[in-house]
Amino acid sequence: MSNSPIKKVAVIGAGVMGAGIAAHVANSGTPVVLLDIVPPNLPEGGDRSAIAKGAVEKLLKADPAAFMSKSAARLVTTGNIEDDLALLADCDWIVEAIIERLDLKQALYAKIDAVRKPGSAVSSNTSTIPLDKLVSGLSPKFAEDFLVTHFFNPPRYMRLLEVVAGAKTRPEAVAAVSHFADHRLGKSVVACKDRPGFIANRLGVMWLQAAVVEAFDLNVAIEDADAIIGRPFGIPKTGVFGLLDLVGLDLMPHVNASLAGALPADDMFHVMNRPAPLIERMIADGYTGRKGKGGFYRLNREKGKVKEAMDLASGTYRTQRKADVPALGEARKSLGKLLDHDSLHGRYAWNVMGRTLAYAALLVGDAADEVDSIDEAMRLGYNWKKGPFELIDEIGVDGFVSRLEKAGLPVAPILKAAAGKSFYRIENGKRQVLGLDGAYRDMMRPEGVIMLSDIKLNAQPILKNGSASLWDIGDGVVCFEFTSKMNSLDPDIIALLGKSIALVKKSYKAMVVYNEGSQFSVGANLGLALFAANIAAWPEIENLVASGQSTYKALRYAPFPTVAAPSGMALGGGCEILMHCSAIQAHAETYTGLVEVGVGLLPGWGGCKELLRRWTAYGRLPRGPMPAVAKVFEMVSTAQVAKSAAEAKEMMIMAPTDGITMNRYRLLADAKAKALSMLEGYQPPEAPTFVLPGLSARSGLNMAVAGFARLGKATPHDVVVSDEVAGVLSGGDTDVTTPVTEDRLYELEREGFMRLVRTAGSLARVEHMLETGKPLRN
């Protein structure tokens, strides 16, 4: 098993988790079998595999999408466990994701064991039943191949995978599954011990329960609670009550009961596990969160979509208000000052987070042996920006322990080992983490992982300004990094990119464009554009457009390979830089497109030209100049965004030869390897010329938009913006007998952009986007 890759997977159980796991396996390009029970009370002649088939059909319509491309669904073979267990015979990994009942699981395992091939790995997605109970009474060979693989929902998007091996599990089985999960599914694999709830849910449920109980006890408004237990601690802005609405209030009693029944009597969780009559009533009345009639927050449609919040004291809804937490301002971003703040809100912060962090420390040596495993589980399982031990470092270990002792809360052995120290440190340019023995060890990345954050520990940037940096990442390859807010593109980035291209020509071999922000780039800095427009600095705006065009053009025709390595959003100018590089190596979760029309503008840095070139070269369209023009016009005028790297390929933003990396941690290494693979004999591309239909095509495209406007599907300013887009894509005042150069398309983009940026409608869109983050439909 260790020497042969996992080439086919089976998932049994087509519920939310099982179907989601199967979809994500298909996203990796791996065939997967999805089985479920025969539907009960099935009429004669009915489809015996209807449950699994229905699950796939539902996922094809899901939002957020479970499949990275609808074509991935073709890799899923559906069936039922009565007729189709023979399909497991050629599967290398079989995942069980059925109801959390030990008797049903063990009965299923016996059937699996009878048909599976020798050495195939079998795992359960459980997080509530101990592994040793799952394999009790089953064959020794089955126990050797069995492990727990605990996915998080939704499986496509949540990067954490908790893996638990039993005392008899073969290391080769664990290694094969872990390698596949890492490289093919893009998961960060965290090894856990066979303890209730493993790591993330054990700590996460304690955190949620503490937050709810303390809010009731102290009568803290839920808006204030979410503001406190949210962004100040690097936790998503949903906080606690917003998160519970998202996952569903009805899950709380089941998860709490499961943990309470499995944990030892002296576990801290039991203190917080108290019934909440209000929540019980809400569940009974259908107020289970976003999937129900509302939850702690709701939208009251009877009152005209008024946002309301639950008052915990009265148990009734009231108008939602802004959080009012003076302690946050007075603490000035200091967690220690917030936890010490002599106020209701300060006490709430301590009672919740002090208890949560103390509990996290108690899990070291129990749920996992390493603090960094617990931190990784909370970062990726609950989307915390910092893990609990990183938070304790920020507070200060000694001060935190002093607070625990004063509050009468337990001080875990790991906290005693950290006395006078921190959990993490940098020593000789290496990250180190503290162990239970009080000694530090180097934090080792998995083989094949390069992180820019690690390189920065031992290096200074080659070039740097306020918005970008250039780093040497070895082997003659440099990394160009955006560092502005949200990695928005501004004159400083454009200027440094130009200098970097010139430097690489002289001294290096290749360039990767990459950063480790949550978004690759949200596009051009609209605030600068609006400011310039408000003071009528039109030459400055035109110079920015022109300098962006010339710099991107220099990037495209550089005499060395350039590889863009995006992750997250790569919008507008961020999308355009991708298309001007020699190649793209994208993280699977890359969301990219030319969205400028949403702010009343058009792509000004070669985006129209590049999409035209791609659809002409790669697109499977009818012959002639019009099909590519019409396709790109549709994409640009409706601001289409690819919701995955796979979709970016379908939209031709990425070329057929471009690569996709499933694991975010492996993106830089893969991009560097791609750049190095292109070195031998590299020649920049030849400048394209275009055969475009000219004014007749512009008129035809405008007629289509006018039709949408009459139907109310396009606004008056949409018509104005679309006309300028049509003018660029049709080639201006030309016809099919006159080739249009790349430089002419750059010129048309620049002219159209400048006309639009002077209109009141476009400036209103820009301003509205900056103020609300949403497009204006004017």
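**Note on the sheet, cavities and cysteines of a predicted model**

1. The model contains an open sheet of 8 strands with mixed pairing, in which the strands follow the order S3-S2-S1-S4-S5-S6-S7-S8. Because strand S3 (76-80) and strand S8 (188-192) stand at the edges with a single partner strand each, one side of each is left without a neighbour in the sheet. From one strand to the next, the twist averages 25 degrees. The model is predicted, and each value in this note should be read as computed from that prediction.

2. Within the sheet, strand S1 (residues 9-12) pairs with strand S4 (residues 93-96) in the parallel sense, and the pairing runs over 4 bridges. For a reader who wishes to locate this pairing in the coordinates, Val9 stands opposite Trp93 in S4.

3. The largest cavity holds about 40 Å³ of space, while the volume of the second largest cavity is about 30 Å³.

4. Which residues line the largest cavity? They are Cys575, Gly593, Leu594, Leu611, Met635, Val636, Gln640, Met651 and Ile653. Sorted by class, this lining has 7 nonpolar and 2 polar residues, and no charged residues.

5. The second largest cavity is lined by Leu526, Ala529, Leu530, Ala533, Leu601, Val757, Leu763 and Val766. Its lining divides into 8 nonpolar residues, with no polar and no charged ones. Helix H22 (526-534) and helix H32 (760-772) each supply at least two residues of this lining, and the largest share, 4 residues, comes from H22.

6. What does a search for disulfides in the whole structure find? The search finds 0 disulfides. Cys581 is accordingly in no disulfide, and the nearest cysteine sulfur, that of Cys479, is 11 Å away, whereas a disulfide calls for a pair of cysteine sulfur atoms within 2.5 Å.

7. As for the exposure of individual cysteines, Cys581 has 3% relative accessibility and so counts as buried, the cut-off for that class being under 20% relative accessible area. Cys192 likewise counts as buried, because its relative accessibility is 8%.

Definitions and conventions
Residues are numbered from 1 along each chain as its sequence is written. This is a predicted model: local features need pLDDT of at least 70, side-chain atom pairs count only at pLDDT 80 or more; totals for chains, interfaces and linings use all residues. Side-chain values use heavy atoms; hydrogens and water are left out. On a 1 Å grid over the protein atoms alone, a cavity is a set of points where a 1.4 Å probe fits but cannot get out, and a pocket is an open set with protein on both sides within 12 Å along at least five of seven lines; lining residues have an atom within 4 Å of a point. Grid points are joined across faces, edges and corners, and a volume is the space filled by probe spheres set on the points. Ala, Val, Leu, Ile, Met, Phe, Trp, Tyr, Cys and Pro count as nonpolar, Asp, Glu, Lys and Arg as charged, and the others, Gly among them, as polar. Buried means under 20% relative accessible area, exposed over 50%, partly exposed in between (1.4 Å probe, protein chains only). Two strands pair if DSSP finds at least two bridges between them. Axes are lines fitted to C-alpha atoms, for helices over the stretch in contact, and angles run from 0 to 180 degrees between N-to-C directions.
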